[in-house]
Amino acid sequence: MLIELSHIQRLYRSDEVETTALHDIELQIEKGEFVAIMGPSGCGKSTLLNILGTIDRPTGGSYRFGEHELTAMNEAELAKFRREHLGYVFQSFNLIDELTIEENIELALIYRNMPKAERQSRVSHAMDHVGIAHRARHYPSQLSGGQQQRAAIARAIVGEPSLILADEPTGNLDTENGAQVMDILQRLNDEGATIIMVTHSPSHADLARRRIDMLDGQVVVSVRNAI
Amino acid sequence: MMTMVSDFWRLAVRYRLYTALNVIGLGLGVATFLTLALVARYELGWDGFYQQSASLYELQADFVIGSGTFHMAEVHDPVLPAVQTRMPGLQGTRLEHISADIVAPSDISRTVHYDQTISFVDPNFFDLFDLKFTAGSPAVLSSPGNIILSATMARRLFGEKPALGQTLEVTRHGKTSVYRVAGVLRDHPSNTTITTDLIAAIPKTGADRPCDGWNTMCAQTYAVLPTAALRQSFLQNAHDVLMTSPLSRAIEQKDPGGEKMTLRIVPLPSVHFGSDGVAEDGASRSVLFALIAIGTLSLLAGAMNYVNLATAQSLGRAREVAIRKVLGASHTRLMIRFLGEALVLTTLAAMLGLILTEIAVPTVASLSGWSVTLDYGWTLPLLGAVIVVLTLGAGFYPAFMLSSFSPAPVLASARLPAQGRFGARIRLFLVGIQFAFAVTLGICTLVVNAQALHLRHLDRGMTIPGLAIIATENLNALDRQQTAVVNLLRAMPDVTDLSVSAGGTLGRYEVGSVHRAPGQKAFMAQAIAHDEAFFRTFRLHLLAGRLTTSERATDVTHTKNGNPDALAQNFVLSREATRKLGFSSPQAALGQTFMFGDNDAAEKRTIVGVVEDVILNSGQDTLPPPIYELETSPIEQGIIAFRTAPGAMPHVLNALRKAWPTLAPGVPFEPQTMTEIIAESTQSDIARGRLFSIGAAVAIAIACLGLYGLAAFNAERRMHEVGIRKTLGATTAQIMRLLLGQFLRPVLYASLIAWPVAWVFMRNWLTGFDNPVALTPLYFVLTTLLAALLCALTIFSRTFGLARAEPARALRAE
Ligand SMILES: Nc1ncnc2c1ncn2[C@@H]1O[C@H](COP(=O)(O)OP(=O)(O)OP(=O)(O)O)[C@@H](O)[C@H]1O
Ligand SMILES: [Mg+2]
């Protein structure tokens, strides 16, 4: 088992109101799976994905990743975990405006103490993979949404992570660009990457091997797609 | 206008931090500028309020004796009348000071006012120096026996009673004359070199005559010289007068080792800036210019802060501008609007600055001795000008930038516009300049304070604690009063040593010419007559040889009835005296001879001992080096020095105070401990150190305020980026390094500018001291480290929270 969540809970406390974004989540994900998470707006999908990506901490429960117990790790250990195991794709791309596409992608390797030459070959390989190499020297603001998202995917995969998390990766894209992104994700999954993706599109969810439906902070159904 | 203010208020509340930092930074800059402008006005306005100031000149003399040059603000008393006979119609006047004790007979308690300065002047004095009278008129100077008082002096002597018509008893050298108060002057500004508390006409004859013809240089001599031709002819005539005077031989330096005198004229407003010793308040122009520079740069630093924060803040307002433009606002209207905001903000800052100035001026006045006051009639127009210049100068660029945002890209982008690398560079550049200024001042502050500390702990050639002196010049009944005081002290068990000596700079000394061998260059030395207990009492540090003793006849000068009977052949010299004689070390001087006395009358003396130099002043003026002559006969008009057992000084002084009225009735009780004397001499250096410290603190505060604002702005702008970097696996430490590095770099570059500038300033300043501290790299490195540390703390306090936060929070915060 790659991922095991048990009794995961996330409370938000702001002034007087207390929101329970996640209730007692139980979830297991195998290595090599492609999971789609669906559910109405505000049901906790992003919160769950953030916790899986360790960029948010649960207020209760345990999160095992392989042999690591992540809830027991400190800040620095989590940062190390992220740079070694995770790739992230966001709905709003989250590229840094001041850096070129190439530099944005390289950023995922910079914190790893990797020699410059290896970084460069990996970056160009990743750019080829998503078909963005001809835009290497451009700034994000000079690219279309689809191109930006492909660059963001290149950044997510350049470190060869064991888990790719994608929060509505096609949410800001038109149908054609969306399909292209889904194509890339499927190909990555075929090559062995574990992928967890949040989406509002049933057709994109159908491309995954398994679908999880959420409601009010809880997992309600988990079905395997017949492929 | 009202809507502008209320709009501003809404903005100020919304951008609380920026507004506060801006107003405080600019307010500090304005306060520093105003305070130093007031100081500059005071210093530059010195002697400027007389109607004839612009054409008044003072005749001064440069006097070369041996290897030293002395500047004299006074010349011989007969010079002016002689020049006036050569130049009929020349307007000139003399001012001659004496010091005397004054009693007002109408005062029942007959309080003696000791050591008052009386100015004797020519009858036409008030034609040149138009001081106003509250009673009497300039004409009273024509009758001898009349005296004119300043309002302050009149109040001091007679209280609220009318002074006019009262009499004064003036006692000098034991002789008393009676004067009648015939005029009272209105108080005038204190920044003048003319002392005018008590004014009388120069007596034609008699004991009161302050000057002794061609024998003393004691007449401050002024002339009205409006044209260059007049000045030229005045100087030439003054020179000719001297050449036909009994002094002509000396002036031409016909005597080897003799003195040489040259004359010059100095415009009245510049007299104040003369070298030390010329005018009592001899201020230094370079200190004044340094202060003006600091004031201007502080204002500039505040303005830079404004530009920085305003441009940074304006990025946050890009959306507002874009929407206003879409709704049809023109570039010009937006410009006016933003300049209006700048006006309100600078006005606020100016008001804060005025309040701070109100606090700073008395502090600076008491620290520096400048009697500066906050004159609103002069300050407010200046403040108005500052507001206008700041609004246009500092407000223009941000307003222009803000009103130039083009709406489409701003509205299309989700985030704050980065405003390109150019704007960011400009901001870092301005921060760099602010820090260059702050670091320069910081280094100067360290050095100035180190020098003050150095002077305080300097080896002064003697043991300071437990030593006190009493001047004997007021003990006029010498044999009885001086002996009574000495006997009382000797009888006290706590007094371990007691000496009576001429005292050198502490009391009096005779200047004598000294040279190594006949025909060689001579220099002036202070010949200090002392008794046998002198070295023991002062604990002068013996460097080589032995001290003189009454047991050897050749060590002692003996006087009988005021005439030398036998002269000491052996002398103890100060280290400096042996150095000036050309000996390489104290040891080398032992047993050697030197010539003592004026050329034709010089006699050979032998050096038997060398003692360490005694340093009493702060070291900024050079006095003749001492040579010590042992005398067995009583020494008059010098000092009584005594040393007490540790800790016993207060007790001894108390006992002495109680006995004093019977020992020396009517004589003021004024013993001084050596600790006090030293403290007094270093006071002005310490005060200057404090002033610099305040200046540096303000400069650094302004720079840090600016940096804090930038760091805050930067944190806000980079929040999202930090979230992304952390998601990609950056640790908190890596993020902190990124954010700190961005700002620390300009501080380090700033040091590269500050170091050489501060080095040049401080090296120049230190050359004025006999005992300068070494200008080591320590001060430079320390200041830079300190600035970097402060800078890091400033940034840290603003960005650590951001760097630590969960990345999810940062990513959400768009
Ligand atoms: N930082 C926060 N503070 C307070 N409440 C929060 C915070 N983040 C999320 N929530 C709340 O938690 C719940 C889940 O939010 P989440 O972003 O996970 O929803 P989502 O399923 O991703 O919705 P969407 O499909 O619209 O993206 C919501 O009710 C939201 O208001
Ligand atoms: Mg979401």
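Here is a friendly talk about a predicted model with chains A and B and a ligand between them.

Biologist: How many residues of chain A are in contact with chain B?

Modeller: Let's count the two sides of this predicted model. Chain B brings 22 residues to the contact, and those in contact with them on chain A number 22.

Biologist: How much area do chain A and chain B bury between them?

Modeller: The size of an interface is often given as the accessible area lost when the parts come together. Here 52% of that area is on carbon and sulfur atoms, and the total that chain A and chain B bury is about 2,100 Å².

Biologist: Which three residues supply more than any other three of the area that chain A buries against chain B?

Modeller: Together these three give 29% of the area on the chain A side. They are Ile55(A), Glu75(A) and Tyr111(A).

Biologist: Which residue of chain B meets Arg57(A) in a salt bridge?

Modeller: Two salt bridges are found across the interface of chain A and chain B. To count, a side-chain nitrogen of Lys or Arg must be within 4 Å of a carboxyl oxygen of Asp or Glu. One pair has an N to O distance of 3.7 Å, and there the partner of Arg57(A) is Glu806(B).

Biologist: Which helix of chain A gives the most to the side that touches chain B?

Modeller: Across the interface there are also seven residue pairs in polar contact. Helix 2 (75-85) and helix 3 (101-110) of chain A each supply at least two residues of the side that touches chain B. With five residues, the one that gives the most is helix 2.

Biologist: Which residue of chain B is among those that surround ligand 1?

Modeller: Ligand 1 lies between chains A and B. Its surroundings include Tyr12(A), Thr47(A), Glu168(A) and His200(A) from chain A, and from chain B there is Arg812(B).

Biologist: What is the distance from an oxygen atom of ligand 1 to an N or O atom in the side chain of Lys45(A)?

Modeller: Let's start with the backbone. A polar backbone atom of Gly42(A) is 2.8 Å from an oxygen atom of ligand 1, and for Cys43(A) the distance is 3.2 Å. For the side chain of Lys45(A), the distance is 2.7 Å.

Biologist: Where in helix 12 of chain B does a kink lie?

Modeller: At the start of this helix, a side-chain oxygen of Asp375(B) reaches to within 3.0 Å of the backbone nitrogen of Gly377(B). Helix 12 spans residues 376-403, and its kink is about 45 degrees. The kink comes shortly before the proline Pro398(B), at Gly395(B).

Definitions and conventions:
Residues numbered from 1 in each chain as written. Chains lettered and ligands numbered in written order. Predicted model: local features only at pLDDT ≥ 70, side-chain atom pairs only at ≥ 80, totals over all residues. Heavy atoms only, no water. Bend = angle between axes of the 7 residues up to and from the residue. Helix = DSSP H or I, 4+ residues; strand = E, 2+ residues; numbered from the N terminus. Polar contact = N/O pair within 3.5 Å; in protein donor to acceptor, adjacent residues only side chain to side chain. Contact = heavy atoms within 4.5 Å. Buried area = accessible area lost by both parts, 1.4 Å probe. Near = heavy atom within 4 Å.
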